[in-house]
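Here is a short tour of two spots worth a look on screen. Please keep the model open as you read.

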Amino acid sequence: MPENTQQLDVSRSFCVMLHDVAPIYASHVARFTQAMAPLVGNAMSAAVVPCWGGESLGYKDRPFLERVRAEYANVLLHGHEHFRPGHRGFVSKIADGKDEMNGLDPAETDRRLAAGQEIFQRWLGQPACGFIAPTYQIGCATPERLAKFGIHYTVGYGQVITSTDQRLPLSTWVWDVSPIRLLCRAGYRLGELQYRFRKKALPCVVLHPLDLERGFLPQIEQTVQRLLHAGRQPVLLESLGYGAKPSPVPA
């Protein structure tokens, strides 16, 4: 780990992350907050989409964003519009076209990262230090490219990677895999297998607004409760130093 990152005991920790945080899902975000806060407080990360479906955050969204900042201790950049432009590939068909970064060339990737950070600065008070690619498909948004925009770690499905190539393995439960319900159930089962066998990985419970409509909230609550009963405590990646700019190498 980098010098400015604390040592993490993954056997006593886990993290909770809510993806697709956007005004269109304000009621869903509120419902998740209501369900999770009694269990983990505000020790949760909100992955905010700055321009969901092409509609940028603005003044009318300020109350929503203020609630997000108050109720989620960490805020990450989650793509720009979330939806992939142009031709859609195999992953797009499974993920209902939500693999945004897959459809971008380097120049358009840079434009969207810059625009997202500008929106974060304007409406959230500061740019993001962390990034989660929609559907975990990074496309051209490599750690090196993200670092040019002040983003020093990216959260993938199976690991966190910093801009200095430090890595933290994750065991991830995710329900919103696809509109195909069988794949959503498979996402949960795969998380269970990882939790059982990847002992050196940090457990990560990933929530999506559509999990509520698909009836997965009870299973999500049970998963978080089980982690707490096992003696684990919720942690934030940025509290461990992952959002810090890498220290310069002495001359």
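## Terms and model

Strands (E, at least two residues) and helices (H or I, at least four) are DSSP runs, numbered from the N terminus. Two strands pair if DSSP finds at least two bridges between them.

This is a predicted model, in which local features need pLDDT of at least 70 and side-chain atom pairs count only at pLDDT 80 or more, while totals for chains, interfaces and linings use all residues. Residues are numbered from 1 along each chain as its sequence is written, and side-chain values use heavy atoms, leaving out hydrogens and water.

## Two hairpins

Let's begin with β6. Strand β5 (residues 153-155) and strand β6 (residues 159-162) run antiparallel and are joined by three bridges. Three residues lie between β5 and β6 in their hairpin.

On its other pairing, β6 is joined by three bridges to strand β7 (residues 167-174), again antiparallel. The hairpin of β6 and β7 has four residues between the strands, and Asp-165 there takes a positive phi near 70°. Ile-161 is a handy landmark: it stands opposite Thr-154, and its bridge partner in β7 is Arg-167.

## A buried arginine

Now find Arg-84, in the loop between β3 (74-77) and α3 (90-94). Is Arg-84 buried or exposed? Arg-84 counts as buried because its relative accessibility is 16%, and buried means under 20% relative accessible area (1.4 Å probe, protein chains only).

The side chains of Arg-84 and Asp-99 are joined by a polar contact of 3.1 Å. A polar contact is a pair of N or O atoms within 3.5 Å; within protein, one must be able to donate a hydrogen and the other to accept it, and residues adjacent in sequence count only if both atoms are side-chain atoms. Not counting residues up to four places away in sequence, Arg-84 touches (heavy atoms within 4.5 Å) several residues, among them Gly-89, Ser-92 and Glu-100.

Conventions
Buried means under 20% relative accessible area, exposed over 50%, partly exposed in between (1.4 Å probe, protein chains only).
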